[in-house]
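I opened this entry to look up how the parts of the structure touch one another. The notes are kept in the order of looking.

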Amino acid sequence: MKNNNPLSPHIQIYNWHVSSLVSISHRISGVINYLFFIFLCIWISFVFLFGQHYNLFADFFNSIFGKFFVISIIWSFSFQILSEIRHLFWDLGYGFDLKISNITGLCVIFGSFISTVLIYFIGRGII
Amino acid sequence: MVQINLPENSKIQKGKYYKDKTGSKNLRKVNVYRWDPSTDEKPRIDTYEIDMDNCPSKVLDILNKIKNEIDPSLAYRRSCAHGVCGSCAMNMDGKNGLACTKSHAEIKGDINIYPLPHLKVLKDLIGDLSTLYKQYESVQPWLKTSKKPEKENLQSREDRSKLDGLYECIMCACCSTSCPSYWWNGDKYLGPAVLLQAYRWIIDSRDEDRKERLKKVADELKLYRCHTIMNCTNACPKGLNPAKAIAEIKKMLATSNI
């Protein structure tokens with residue numbers, strides 16, 4: 001076969017489904033969580049080594065960007081955990097029916113937002 | 001490797017516009033992917049205006065109408081037109097399916113028709129499936145027994161029912177070419193169609209090669225590139241569930257000591 005045959009379009013034209021959206025978000029949130037754990041280690045070491053300068057972190061977390069950062073991380077964790085539970089059921093062989101997988105996918109998406117709000121408010125002592 | 005953008009020679013250009021000549025008032029625009037191997041041009045999207053008053057209900061009927069009445073140079077595979085042979089698998093309205101069973105009334109707006117995704121295009125809507133067929137061959141899709149049976153190889157009703165949802169597969173490749181994992185690792189990952197077939201032989205009570213089959217498929221790239229994206233199950237025009245079949249293989253591997 002000649003090598004100049006074009007490649008047919010793929011991700012450019014393919015429709016998104018609930019399942020594929022949750023799948024890619026699972027990956028992205030996984031990468032975010034991985035990076036966050038590195039940040040967490042730096043944060044904890046910083047507290048141990050330079051505890052007297054902790055206000056630097058406190059200022060960051062109280063800034064708008066800091067709040068956005070915290071909320072994003074909470075969402076990313078919530079999403080990852082809910083989606084992972086879904087994966088555990090899959091590993092046991094349940095939930096492959098198209099309808100059920102769509103419902104559980106939507107549960108993961110909406111559940112992650114609900115739990116983000118709840119965790120943030122509980123953490124701030126508002127609820 | 002993940003490559004989001006199309007290579008330079010695959011970038012799609014605007015093509016020709018075929019205006020309706022019948023004077024019909026019930027028109028629909030149909031955008032079709034075209035590529036001619038005899039020229040050096042890049043792929044293009046041709047737009048056809050179709051008289052829907054004189055067109056039967058399926059997407060394949062539209063393609064036949066284009067080929068018979070408007071542009072005979074259009075190339076696509078088709079044979080049975082009843083969803084049995086799997087020849088007319090293509091991407092319609094952003095989703096893989098069989099053109100002969102997909103009703104165009106289900107599609108809103110203009111009808112976009114592309115070849116199956118992430119394949120080398122041979123011409124127009126015809127993609128090169130030879131890699132997939134080679135992978136299919138690699139799972140040895142035939143019954144393996146140690147000795148020649150003297151009479152018919154019987155199966156209990158229960159064992160036979162295990163093949164339901166597997167034997168119906170027509171190897172149209174809608175599932176494999178809908179799978180992002182197969183797009184990025186199509187040369188190594190077997191893909192949903194072939195893995196469903198592999199499972200079909202693993203689960204067959206008459207087959208005596210189950211262990212070997214499982215061993216062969218238990219591979220980081222061949223099997224475990226499946227991340228349960230479920231595009232395969234979404235795409236299957238026969239309503240089968242390759243994602244579940246793959247999960248069953250994984251489960252068998254996790255619970256048996258091979």
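The entries below go from the chain contact to a helix pair, then to domains and strands.

**Entry 1: chain A against chain B**

I am working with a predicted model. I began with the contact between the chains. I found 23 residues of chain A in contact with 40 residues of chain B. Which elements of chain A give two or more residues to that side? I noted helix H1 (18-49), helix H3 (64-91) and helix H4 (98-123) of chain A. H1(A) gives the most, with three residues. I then sorted the chain A side by class. It has ten nonpolar residues, 13 polar and no charged.

**Entry 2: H1(A) on H3(A)**

I turned next to two of those helices. H1(A) and H3(A) pack with their axes 9 Å apart, at an angle of about 125 degrees. I logged the crossing of H1(A) and H3(A) as left-handed.

Which residues meet here? From H1(A) I listed A:Val22, A:Ser25, A:His26, A:Ser29, A:Gly30, A:Ile32, A:Asn33 and A:Phe36. From H3(A) I listed A:Ile73, A:Ser76, A:Phe77, A:Phe79, A:Gln80 and A:Ser83. By class, this contact of H1(A) with H3(A) has six nonpolar residues, eight polar and no charged.

**Entry 3: the domains of chain B**

I moved to chain B and took its domain assignment. Domain 1 covers 8-127. Domain 2 is given as 130-146 + 153-255. Taken over C-alpha atoms, the centres of domain 1 and domain 2 of chain B are 30 Å apart.

I then looked up the contact between these domains. In chain B, 14 residues of domain 1 are in contact with eleven residues of domain 2. Which strand gives the largest share of the domain 1 side? I found strand S5 (residues 95-98) of chain B, with four residues. The domain 1 side that touches domain 2 of chain B has seven nonpolar, six polar and one charged residues.

**Entry 4: strand pairs of chain B**

How do strand S2 (residues 27-34) and strand S6 (residues 111-114) of chain B pair, parallel or antiparallel? I found the parallel sense, over three bridges. B:Asn31 stands opposite B:Asn112 in S6(B).

S6(B) also pairs with strand S4 (residues 89-92) of chain B. I noted that S4(B) and S6(B) run antiparallel and are joined by two bridges. Here the bridge partner of B:Asn91 is B:Tyr114 in S6(B).

Conventions. Residues are numbered from 1 along each chain as its sequence is written. Chains are lettered from A and ligands numbered from 1 in the order in which they are written. This is a predicted model: local features need pLDDT of at least 70, side-chain atom pairs count only at pLDDT 80 or more; totals for chains, interfaces and linings use all residues. Two residues are in contact if their C-beta atoms, placed from the backbone, lie within 7 Å. Ala, Val, Leu, Ile, Met, Phe, Trp, Tyr, Cys and Pro count as nonpolar, Asp, Glu, Lys and Arg as charged, and the others, Gly among them, as polar. Domain bounds come from an automatic or database domain assignment. Axes are lines fitted to C-alpha atoms, for helices over the stretch in contact, and angles run from 0 to 180 degrees between N-to-C directions. A crossing is left-handed if the near helix is turned anticlockwise from the far one by less than a right angle, and right-handed if clockwise. Two strands pair if DSSP finds at least two bridges between them.
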